[in-house]
Amino acid sequence: MHPFGLGPPPPLPHPELSPGSAHPKPSGLVGRETPFPLSAPRGPMAAPNPTPLLPSEASCPICLEYFRDPVSIHCGHSFCRQCITRCWEWSTGGFCCPQCKETAEERVLCPNRDLARVLEVARRLSLQAAHRDAAGQEGCEKHREPLSMYCKDDEAFICVVCRESRLHRAHAMLPVQDAVQEFKEKTSAERQKILGGFEGLRLFLEEQEHHLLAQLENMERDVEKTQEENVTILTEEISHLDTIIQEAEEKCQQPASKFLQAGDGGRTLGNSFLSSSSRLGKENFQQPALLLPDLERNLSHFREKNSACEEILKNFREILMFELPEKMSVSLDPSTAHPQLTVSEDGRSVRWEDAQRDAASEEFGTDPFVLSHEGITSGRCCWEVEVTPKGSWAVGVAKESLKRREESGVSSEIELWSMGFCEGQFWALSSFERMTLPQIQVPGRVRVTLDYERGQVAFFDADKRALIFIFPSASFKGESIHPWFLVWGEGSQITLCP
């Protein structure tokens, strides 16, 4: 059995969605709770309801529902990631804000973490209100008082009696309205910080672009100037040669009697041509300047600068791919584990067992892998694993259809995107290709980053923050994607990092 023994399946088609086709439900991790309608305690002593203060900030202008995975765009407005991605899916001439119509040449999606935290607080408040309604109670479940205070330490709404209790007395408190306003101010400040940072970066890149283009324009002007000077020199020399030729033709057209005068006509004509030839020989004919050597040197120097810029931008993109995705919590699903794999009770690690525990389990196939409980249907996220230098291992993502295949025992083509180490060689394996990777030092930790909308799956040496490999254009086709882990051989183990 070989962990990378999957035969290359035939390429799968990449159908393009039409504008009217169905899209996956805009959500992040499968099973993630949707924000509930906001509510607040009511009654004769109820504090002012914070809900009316939130809808304009908490609702996506596109779907008009509470934000799911909120992101800010170039103008500062926020939308659900799935909504704005779908809105821009067919954009061909710039990216226009659906709210203010401001257009940008490049797509900018910045996670709005503060707004997400505000929504989480609102969701907790809604859950608390729902629990009170279910129990036929209002306000604090313990004291029956309105939840008029927000405990910043516990991130929970409490009543005035709870505020004076020993549990909360030393904690930082805010009235509910002030807490909501504080979160809104933090969101606004964070938005301005993001916009300011990207605006500064944009201006800097534009300045460098203008500088490089100006250098190219100077080179073009030098070439044109030298070319014009050469044309002028050649024109003058041609004119001078025309004059000499004209003088020679005039001497040739003289009457024959002049050539025979005193018997020296031939000598006179010969002397005339010798005189003209002497004049031509004495002229300093100026050779045109040679352009190619200087031009090639200048272009070579410019290419070096351009290559340096490309390398810097490549490194910058890799840094963003490493740093920006949100870390997600991953736990292994023992029901999908191959019989020769042992999953820890906490679902945080998997190791290889030499003794085959269930030789009759043919439906698991030959590849000793396990999937995670969590599925991903949108957004950008990442997770890290610790790997052992012993045995073979691989990490990546697989479609949920693979999980259903394992549960049903029905064989089908495996669809995954992975990178691993096997028998001293790094490999990249997908549903469409298998390739060897350049030799590098075996990392202690590997980070997997996923950008669902772009179809990017990238693998990094987490300690060095160095890119190992990237699948730039995977096709998930709206299906749920699950983290995928393979271990094979004695001592092989993968452990999920916190």
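Author: Before we start: contact here means heavy atoms within 4.5 Å. The model is a predicted one.

Reader: ok. Which residues does H168 touch, leaving out those up to four places away in sequence?

Author: H168 touches C151, D154, I158, C162, R163 and M173.

Reader: And where does H168 lie?

Author: In the loop between α4, residues 160-164, and β8.

Reader: Is H168 buried or exposed?

Author: H168 has a relative accessible area of 8%, and buried means under 20%, so H168 is buried.

Reader: You mentioned C151. What stands opposite C151 in β7?

Author: A156 does. Strand β6, residues 149-151, is joined to β7 by 3 bridges, and the two run antiparallel.

Reader: What is the strand order in that sheet?

Author: The order is β7-β6-β8 in an open sheet of 3 strands, with antiparallel pairing. β7 (156-158) and β8 (173-175) are the edge strands, each pairing on one side only. From one strand to the next, the twist averages 35°.

Reader: Which helix lies across β6, β7 and β8?

Author: Helix α5, residues 176-252, which runs at about 100° to β8.

Reader: New topic, pockets. What volume does the largest pocket have?

Author: About 1,800 Å³. Its lining has 49 residues, and E106, F198, L201, L205 and F316 lie nearest the centre.

Reader: Which element gives the most to that lining?

Author: α5 again, with 13 residues. Others that each supply at least two include α8 (292-323) and β18 (445-451).

Reader: How do the lining residues divide into nonpolar, polar and charged?

Author: 26 are nonpolar, 8 polar and 15 charged.

Notes: Residues numbered from 1 in each chain as written. Predicted model: local features only at pLDDT ≥ 70, side-chain atom pairs only at ≥ 80, totals over all residues. Heavy atoms only, no water. Pairing = 2+ DSSP bridges. Helix = DSSP H or I, 4+ residues; strand = E, 2+ residues; numbered from the N terminus. Axes fitted to C-alpha atoms, helices over the stretch in contact; angles between N-to-C directions. Buried < 20%, exposed > 50% of the residue type's maximum accessible area, 1.4 Å probe, protein only. 1 Å grid on protein atoms, 1.4 Å probe; cavity = no way out; pocket = protein on both sides within 12 Å on 5 of 7 lines; lining within 4 Å. Points joined across faces, edges and corners; volume = space filled by probe spheres on them. Nonpolar A, V, L, I, M, F, W, Y, C, P; charged D, E, K, R; others polar.
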